[in-house]
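Biologist: Please walk me through the aromatic rings and the nonpolar core of this chain. Keep it short.

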Amino acid sequence: RSLWWGDAFDDAMFLGKYGVWLFFVISGFCIHLQWARAQVQPGTRPLTFGEFWRKRIRRLYPPYLATLAFYIALRISQGVLQLDGLSAWQVFLHLFMLQNLDPRAISTMNNVYWTLAVEEQLYLLYFVFLAIRRRWGWGAALAAGVAARVGWFALAMLLHRVWNLDIVVSQAAMVQWIIWILGALSVEAAFGLITLPAVMKSL
């Protein structure tokens, strides 16, 4: 801890949260890419809800379930995880990528799995975003993302102050939705579907 590189390592790890935000932006870019491409390339069509989820489950769930089984076995062997009722609930939440909805489950198994849970929930929100963007435009889509973030923070504060209930805040999909939407915004700008204000193009 007293070595200079120890402090530098701690500082670098603190910056990891920005890497998570970048991950969500890149995700928004990649997921919206097919829709944006379909608008400018004849013969390309956007994925339907069913097609989208078949591809996601086929690609993501097998490796996720394998690593989840590994971490459950590891935690049991370390004596960290006990097969009692709460642990069964935690495993259930992890199986369906809902662990970020319960503060007692979010840091179990693997501390970074919450990002995968948020990602899956953002996939569901993608079709909400797409409906808003197609019907009312980008102003409404961005406003919905900001409102979701502010609304979730307000809900968390209300629940804590009035009923002393705590919910997950920064690891909630609603809080990260606007960040993800910015990735979708950038892919449309890249394809020339929209023109970004000059302030967004300047350092």
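Biologist: Is Phe127 buried or exposed?

Modeller: This is a predicted model. The relative accessibility of Phe127 is 19%. The cut-off for buried is under 20%, so Phe127 counts as buried.

Biologist: How do the rings of Tyr126 and Phe127 pair?

Modeller: Their centres are 5.2 Å apart and their planes stand at 70 degrees. Planes over 60 degrees apart count as edge-to-face. So the pair of Tyr126 and Phe127 is edge-to-face.

Biologist: Which class does the pair of Phe49 and Phe127 fall in?

Modeller: Phe49 is in helix α3 and Phe127 in helix α5, 78 residues apart in the chain. Their ring centres lie 4.9 Å from each other. The planes meet at 70 degrees, so this pair is edge-to-face.

Biologist: Is Phe49 buried, partly exposed or exposed?

Modeller: Phe49 has 43% relative accessibility. Buried needs under 20% and exposed over 50%. Phe49 therefore counts as partly exposed.

Biologist: Which residue lies over the face of Phe52?

Modeller: Phe52 belongs to a cluster linked by ring pairs, with Phe49, Tyr126 and Phe127 among the other members. The residue over its face is 5.1 Å from the ring centre. Tyr123, also in the cluster, has that residue over its face at 5.4 Å. It is Arg56.

Biologist: Which element gives the largest share of the largest nonpolar core?

Modeller: That core has 31 residues, and Leu122, Tyr126, Phe129, Trp138 and Trp177 touch the most other members. Elements giving two or more residues include α2, α3 and α7. The largest share is 10 residues, from α5.

Key
Residues numbered from 1 in each chain as written. Predicted model: local features only at pLDDT ≥ 70, side-chain atom pairs only at ≥ 80, totals over all residues. Heavy atoms only, no water. Core = buried A, V, L, I, M, F, W, Y, C linked by side-chain atoms within 4.5 Å. Buried < 20%, exposed > 50% of the residue type's maximum accessible area, 1.4 Å probe, protein only. Helix = DSSP H or I, 4+ residues; strand = E, 2+ residues; numbered from the N terminus. Phe/Tyr/Trp six-rings, centres within 6.5 Å; stacked < 30°, edge-to-face > 60°. Lys NZ or Arg CZ within 6 Å of the ring centre and 35° of its normal.
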